[in-house]
Amino acid sequence: MPDTTHPNSWDARAKSSSFFGFTDLPSIEARGTVVLTHGEGPYVFDTEGRRYLDANSGLWNMIAGFDHPGLIRAAQEQYARFPGYHAFFGRMSDQTVMLSEKLAQVSPFESAKTFYTNSGSEANDTMVKMLWFLAGAEGQPERRKILTRGNAYHGVTAVTASMTGKPYNSLFGLPLPGFIHLTCPHYWREGRDGESEAEFTARLAEELEEVIAREGVDTIAGFFAEPVQGAGGVIPPSAGYFDAILPILRRHKIPVIADEVITGLGRTGEMWGCESYDFVPDAIISSKALTAGYFPMGAVILGPELADRLQRATREVEEFPHGFTASGHPVGCAIALAAIDLVETELLDRVRALTPSFEAGLARLAEHPHIGEARSRGLMGALEAVRDKETKAPWDGDLSVSERIANTCTDHGLICRPLGQAVVLCPAFIMTEAQMAEMFEKLGAALEEVFDGLT
Ligand SMILES: *Cc1c(COP(=O)(O)O)cnc(C)c1O
């Protein structure tokens, strides 16, 4: 436990100086904050010298660990060469051009154009503005509605929080009008009594048809989906889901945007999550692992059709009036080039090599009577805690069961993340088999401890 007793402790200083987002306040009031100083491989160290294995690779992004020499060198060299420039008025850094070429090469598109932001939220927000800009320019100003799914996470700006399918956004009076949430494709939780997985998938496809008919196809600007939902609790879609819905979206000419902020750059065992599910979207949103977490950066990667349409629309009004001061930052681009190279040459193979033991570790913990479901794809996984395995009844929310598990893990030197009643694991791709074993051993011990205390 961190030192919470002294008024000048790091904990006290953090609490009196900083406003915490996405943080359970009762939890840090009782237990203190964890202030970190540095990392080694997949481990991080706090101000009191305690070491934690970070089973979440930061926030899904630190795929190469916390001290990768090649990435640090790429940053240092670029800082020395050209430490900053924008991408407005027809100017951009050479690194920015090189990264766009590289993204086109590794994308599933025959050709691609990339637009840069500083975060995943800004990239999704930018994509929505691109679709709205197209609607206006192509003489269909009413084509503005955005389709997403329950439990989706697309970010925190007013627009991307509206796309996000989480109940907490009602605290902000969101979603804005025109953001429509379809059923989350989670068979285990959303499937009805006696409904097979195939029937469930078919029902979701029917729902999509109905929503398009109800809203009017001419009012819909685009459909956004994470290939595997991440912050919703690691939810791979039900079997056949994308095969069932994509033909409907294609038939109605609704652009399909893959939000690959988590799944991009190798997390699912392919370069892109859409490749794991065998589809090519119209655009890809990338962030998080794009710079292996070593620089804030997001990217909208436009496939050829959307890129052409946007080019045409822009020509008519002279410019696309949108961009961020640090869009296409040369240091971020230099790091991303090094990160993609690392994924291509080493890390994708590591993900594939580690996936069997990751799956086995999850399956072993799923035998516990209070784990209702283990789900994963590649190196993203979750264990769902339940009070009753048969009925899938959750624990009483007041018990904060997943917070308890995560807090107990922290006490044992393992960082993992509570999400609803699930615990999320998304290890760095550089983990060794021994570190993977340590992760499951510590999590298993925490599960025993917490469930023993509850029953
Ligand atoms: C994290 C995330 C975002 C938002 O990215 P930020 O960089 O936090 O703004 C968007 N979409 C998905 C799928 C994410 O996981």
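**Helix packing, ligand site and backbone geometry**

Let me begin with helix α14, residues 401–411, and helix α15, residues 433–454: their axes come within 9 Å and cross at roughly 130 degrees. Please bear in mind throughout that this is a predicted model. An angle over 145 degrees would count as roughly antiparallel, and α14 and α15 are therefore described as oblique to each other. Their crossing is right-handed. On the α14 side, the contact is made by Val401, Arg404, Ile405, Thr408 and Cys409. On the α15 side, Leu443, Ala446, Leu447, Glu449, Val450, Phe451 and Leu454 take part. Sorted by class, this contact has 9 nonpolar, 1 polar and 2 charged residues.

Helix α15 also packs against helix α13, which spans residues 330–365. Here the axes come within 10 Å and cross at roughly 15 degrees. Because of that angle, α13 is roughly parallel to α15. The crossing of α13 and α15 is right-handed. Which residues of α13 meet α15? They are Ala353, Leu354, Ser357, Phe358, Gly361, Leu362, Arg364 and Leu365. Their partners in α15 are Glu433, Met436, Met439, Phe440, Leu443, Gly444 and Leu447. By class, one finds 10 nonpolar, 3 polar and 2 charged residues in the contact of α13 with α15.

We now follow α13 to another partner. Helix α5, residues 94–106, packs with α13 at an angle of about 30 degrees, and their axes are 8 Å apart. That angle makes α5 roughly parallel to α13. The crossing of α5 and α13 is left-handed, whereas α13 passes α15 in a right-handed crossing. From α5, the contact involves Gln95, Thr96, Met98, Leu99, Lys102, Leu103, Gln105 and Val106. From α13, it involves Pro330, Cys333, Ala334, Ala336, Leu337, Ile340 and Glu344. The classes in the contact of α5 with α13 are 10 nonpolar, 3 polar and 2 charged.

Let us turn to the ligand. The residues around it are Ser119, Gly120, Ser121, Asn124, Tyr153, His154, Gly155, Glu226, Asp259, Val261, Ile262 and Lys288. How far does a backbone N or O atom of glycine 120 lie from an oxygen atom of the ligand? The distance is 2.9 Å. The side chain of serine 121 places an N or O atom 2.5 Å from an oxygen atom of the ligand. For aspartate 259, an N or O atom of the side chain is 2.8 Å from a nitrogen atom of the ligand.

Finally, two points of backbone geometry. Leucine 174 and proline 175 are joined by a cis peptide bond, with omega about 10 degrees. Where is proline 175? Proline 175 sits in the loop between α7, residues 158–163, and β6, residues 179–182. Aspartate 278 belongs to the loop between α11, residues 273–276, and β9, residues 283–286.

Notes. Residues are numbered from 1 along each chain as its sequence is written. This is a predicted model: local features need pLDDT of at least 70, side-chain atom pairs count only at pLDDT 80 or more; totals for chains, interfaces and linings use all residues. Side-chain values use heavy atoms; hydrogens and water are left out. Axes are lines fitted to C-alpha atoms, for helices over the stretch in contact, and angles run from 0 to 180 degrees between N-to-C directions. Helices (H or I, at least four residues) and strands (E, at least two) are DSSP runs, numbered from the N terminus. Angles under 35 degrees count as roughly parallel, over 145 as roughly antiparallel, 65 to 115 as roughly perpendicular and the rest as oblique. A crossing is left-handed if the near helix is turned anticlockwise from the far one by less than a right angle, and right-handed if clockwise. Contact means heavy atoms within 4.5 Å. Ala, Val, Leu, Ile, Met, Phe, Trp, Tyr, Cys and Pro count as nonpolar, Asp, Glu, Lys and Arg as charged, and the others, Gly among them, as polar. A residue is near a molecule or strand if one of its heavy atoms lies within 4 Å of it. A polar contact is a pair of N or O atoms within 3.5 Å; within protein, one must be able to donate a hydrogen and the other to accept it, and residues adjacent in sequence count only if both atoms are side-chain atoms.
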